[in-house]
Amino acid sequence: MDLENVDELKALFASEEKGRRIVLDLKDLTLVDRDAVRFLEHCEADSIELKNCPAYIREWITRERRGS
């Protein structure tokens with residue numbers, strides 16, 4: 001997942017009804033860049049569930065949240 005994918009997901013999420021629950025299944029996600037991790041962190045902050053998030057991505061999100 002890179003910036004191009006992030007922009008596509010943002011557009012998809014924006015087209016959804018307000019208040020609709022969104023779950024993002026990351027089961028097949030194996031490679032991300034920093035923009036993607038920041039996006040995923042913002043998704044969680046906006047109550048979007050990250051399902052099957054790989055451990056290394058979860059750790060990176062946690063570090064981004066802490067500002068490390």
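The structure is a prediction, in which local features need pLDDT of at least 70 and side-chain atom pairs count only at pLDDT 80 or more, whereas totals for chains, interfaces and linings use all residues. Residues are numbered from 1 along each chain as its sequence is written, and side-chain values use heavy atoms, with hydrogens and water left out.

View 1. Helix α1 covers residues 3-15; helices (H or I, at least four residues) and strands (E, at least two) are DSSP runs, numbered from the N terminus. Val6, Leu9 and Phe13 of α1 are buried, where buried means under 20% relative accessible area, exposed over 50% and partly exposed in between (1.4 Å probe, protein chains only). The buried residues of α1 fall within an arc of 65 degrees seen down the helix axis, so they line one face; the arc is that of the directions from the helix axis to the C-beta atoms. An α-helix has 3.6 residues a turn, so residues three or four places apart point the same way. On the face of α1 turned away from the buried side are the exposed residues Glu4, Leu12, Ala14 and Ser15. The cover over the buried residues of α1 includes β1 (23-25) and α2 (34-45).

**View 2. The aromatic pair Phe13 and Phe39.** The whole structure holds 1 aromatic pair. The ring centres of Phe13 and Phe39 are 6.1 Å apart and the planes stand at 15 degrees, so the pair is stacked. Rings of Phe, Tyr and Trp (its six-membered ring) pair if their centres lie within 6.5 Å; planes under 30 degrees apart count as stacked, over 60 as edge-to-face and the rest as tilted. Phe13 belongs to helix α1 and Phe39 to helix α2, so the pair ties together parts that are 26 residues apart in sequence. Phe13 is buried at 18% relative accessible area, and Phe39 is buried at 7%.

**View 3. Cys43 and Cys53.** The number of disulfides is 0, a disulfide being a pair of cysteine sulfur atoms within 2.5 Å. The cysteine sulfur closest to that of Cys43 belongs to Cys53, 11 Å away, which is too far for a bond. Cys43 is buried at 3% relative accessibility, and Cys53 is buried at 18%.

**View 4. Glu64 in helix α3.** Glu64 lies in helix α3 (residues 55-66) and counts as buried at 16% relative accessibility. Beyond its neighbours within four places in sequence, Glu64 is in contact (heavy atoms within 4.5 Å) with Arg34, Val37 and Arg38.

Methods:
Expected span 1.5 Å × (residues − 1).
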